[in-house]
Amino acid sequence: MLLWGQLKRGEFMTIIPDQSTKADAAEMRNEEAVVPLDDATFKQRLAATIPHLRAFAYSLCGKMDVADDLVQDTMLKAWAARARFRPDTSMRAWTFVILRNCYISQMRRNKFTAPYDEGVAERTLTANSDQQAPLHLEDVRMALMQLGADQREAIILVGAGGFSYEEAAEICDCAVGTMKSRVSRARAALAAMLDGDSPIGTRRQRNAADEAMSDILGTLDKLSEGVTALAA
Amino acid sequence: MRTSCFDPVVMRQARIGRSLREVYDGVADSPMPDQFDALLSELDKIAVPERR
């Protein structure tokens, strides 16, 4: 009997069911009808996903060189498994599943270390006191890295990658409700971090205050120069 | 009761969403290292396909 857990994964990968029921046999006939992509087309579609894979990998590990290695591993695995790709499904979603699995495997081998660097944060955080102004991207990147891995991948897939909750749940192998909850909590956490309820937000506000004070002192310096010149 | 559609919470979430997409696009649109072109041209040789 085909398990629903297997079926769920079958959205992206071809499952070969057993033939214990008529429904399963019918499904098998449908799958047989799917003509696999030829190698050239597969390669072309794989190449088109590279930018997205890099962005997703970077959001997972926070380091561009590590992300590129992860994408390279993903491409090799995808190529080796190309016979299992269903052309009527999303290549991007399929490769994201592979990339995520590569990342988890490497995490288990402790290849990745803490992605958030407090020193870098201190050096790169910039002031932006205007709540309506665009956020500084470095702040957003760092806030992202502060999130838990589950929330981070959820918000990237749905909030930036353009996946639906259903697709993101398939990629992360979780329930749609869980995905919605993760995205919601990630949004709230990011808002708190970027708008002052956390160390990043507090620093942003403090930097804004420091910058305002520097402006005032600078203006005073200029004024005093003028007064000194007049006195002379 | 709020009458404006410019709910600050919604505006803030939209701003964060926009920034997230910028972070994502910033990486996606960045120049691709040469290693990927090389890999694509070598794929046939590198990976042994589990083929049909």
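This is a predicted model: local features need pLDDT of at least 70, side-chain atom pairs count only at pLDDT 80 or more; totals for chains, interfaces and linings use all residues.
In chain B, the secondary structure consists of 2 helices and 0 strands. The chain has 52 residues, of which 27% are buried. Its exposed surface comes to about 3,600 Å², and carbon and sulfur atoms account for 57% of that area. An unreviewed UniProt entry annotates residues 13-45 of chain B as "domain: Anti-sigma factor NepR".

In chain A, helix α3 covers residues 39-61 and includes A:Thr49. The relative accessible area of A:Thr49 is 5%; buried residues are those under 20%, and A:Thr49 is therefore classed as buried. When residues up to four places away in sequence are set aside, A:Thr49 is in contact with A:Met91, A:Arg92 and A:Thr95.

Two cysteines of chain A were also examined for accessibility. A:Cys61 has a relative accessible area of 5% and is therefore buried. A:Cys102 also counts as buried, because its relative accessibility is 5%. A disulfide is a covalent bond between the sulfur atoms of two cysteines.

Note on methods:
Residues are numbered from 1 along each chain as its sequence is written. Chains are lettered from A and ligands numbered from 1 in the order in which they are written. Side-chain values use heavy atoms; hydrogens and water are left out. Helices (H or I, at least four residues) and strands (E, at least two) are DSSP runs, numbered from the N terminus. Buried means under 20% relative accessible area, exposed over 50%, partly exposed in between (1.4 Å probe, protein chains only). Accessible areas come from the Shrake-Rupley method with a 1.4 Å probe; for residues, only the protein chains shown count as cover. Contact means heavy atoms within 4.5 Å. UniProt positions are given in the numbering used here, feature names are shortened, and annotations may be inferred rather than shown by experiment.
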